[in-house]
Amino acid sequence: AVVFGLAFLTARFFLGIFNDSRLAAVLQIAIIDILFFSFYWYYAGMQIGLKNFGRQTVIASVYSVSKFAFITLLLLGGYGVTGAFIGNILGSLCGLALGMWWTRLPKQSAEISKPELLHFIVPNILYSIGMNLFFYIDLWAVKYYMSGAVVGFYNAASTIGRIPYSFAIALAGALLPSLAFAVAQSQKRESEHIGSQALRLTLLTVLPVLALVSSSATPIATMFFGEAYAGAGGILRVLMAGLSIYAIF
């Protein structure tokens with residue numbers, strides 16, 4: 001709620017920095033999704049903590065598919081960029097609704113150490129903020145120093161380039177509970193085995209994608225976004241290399 005409030009109130013100021021204050025109303029609509037997406041993410045993460053990986057997959061799939069469907073319908077209906085951002089919100093609401101319905105925690109009292117809870121929560125919040133800055137501060141810099149088609153090319157390339165990282169996030173979410181349990185039980189060999197298996201799976205997935213994109217960046221960009229985005233090919237080749245390394249990290 002705090003992040004939403006700050007973002008909503010400062011939207012016009014930041015767009016002024018990028019000489020695009022005319023987009024303030026559209027950005028403020030987009031910012032509304034902070035509230036709904038964060039709670040959807042909370043309930044999806046709860047399923048991982050409970051080791052309900054099947055349910056977590058379904059919740060994430062409902063979010064992704066409904067988001068895609070709503071955005072497509074609203075764009076076809078002529079609602080433009082505003083409609084796309086509203087589609088984001090509706091997708092988050094669908095994932096949130098299913099997550100709330102499936103998350104029925106047992107009603108029992110438990111001793112909770114607030115310092116320990118904060119010790120876990122605060123680094124996660126800082127990590128999430130840092131990770132999102134990492135993914136988008138480059139686009140802000142491109143927008144600040146350049147304009148026109150280059151910004152569109154860069155955004156298109158970065159959208160495709162984040163695919164390897166998305167796999168890494170899914171893999172980490174699936175393995176973290178098992179790894180945490182092995183570490184807690186001082187099962188050193190099992191912990192090492194889980195780590196090596198994760199690295200092997202990541203390499204088997206990321207490296208072929210990197211090789212494909214490196215050799216066919218321009219055709220891939222035009223396949224996703226059309227011939228007008230052929231200029232994104234060279235940018236995509238560099239971004240895919242960097243983000244593949246980040247996914248392995």
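Mentor: Thr72 belongs to helix H4, which covers residues 53-76. In this predicted model, Thr72 has a relative accessible area of 28% and is therefore partly exposed, because that class lies between the limits of 20% and 50%. Along the chain, Thr72 and Ala157 are 85 residues apart, and their C-alpha atoms are separated by 20 Å.

Ser244 may be considered next. This residue is part of helix H10, residues 233-248. Its relative accessibility is 2%, so Ser244 counts as buried. Leaving aside residues up to four places away in sequence, Ser244 touches Pro164, Val206 and Leu210.

Ile129 lies in helix H6, which runs over residues 114-145. With 45% relative accessibility, Ile129 counts as partly exposed. Ile129 also takes part in a nonpolar patch on the surface, whose members include Phe120, Leu133, Tyr136 and Trp140. Together, the residues of this patch have about 950 Å² of accessible area.

Finally, the confidence of the prediction deserves attention. The average pLDDT of the protein is 88, and 98% of the residues score at least 70. Confidence is highest in helix H5, residues 80-102, at a mean of 94. It is lowest in helix H8, residues 163-184, where the mean is 80.

Conventions. Residues numbered from 1 in each chain as written. Predicted model: local features only at pLDDT ≥ 70, side-chain atom pairs only at ≥ 80, totals over all residues. Heavy atoms only, no water. Helix = DSSP H or I, 4+ residues; strand = E, 2+ residues; numbered from the N terminus. Buried < 20%, exposed > 50% of the residue type's maximum accessible area, 1.4 Å probe, protein only. Contact = heavy atoms within 4.5 Å. pLDDT = per-residue confidence, 0-100. Patch = residues over 30% accessible without salt bridge, like charges linked within 9 Å, V, L, I, M, F, W, Y side chains within 5 Å. Areas by Shrake-Rupley, 256 points an atom, 1.4 Å probe, with all protein chains shown as cover. Salt bridge = Lys/Arg side-chain N within 4 Å of Asp/Glu carboxyl O.
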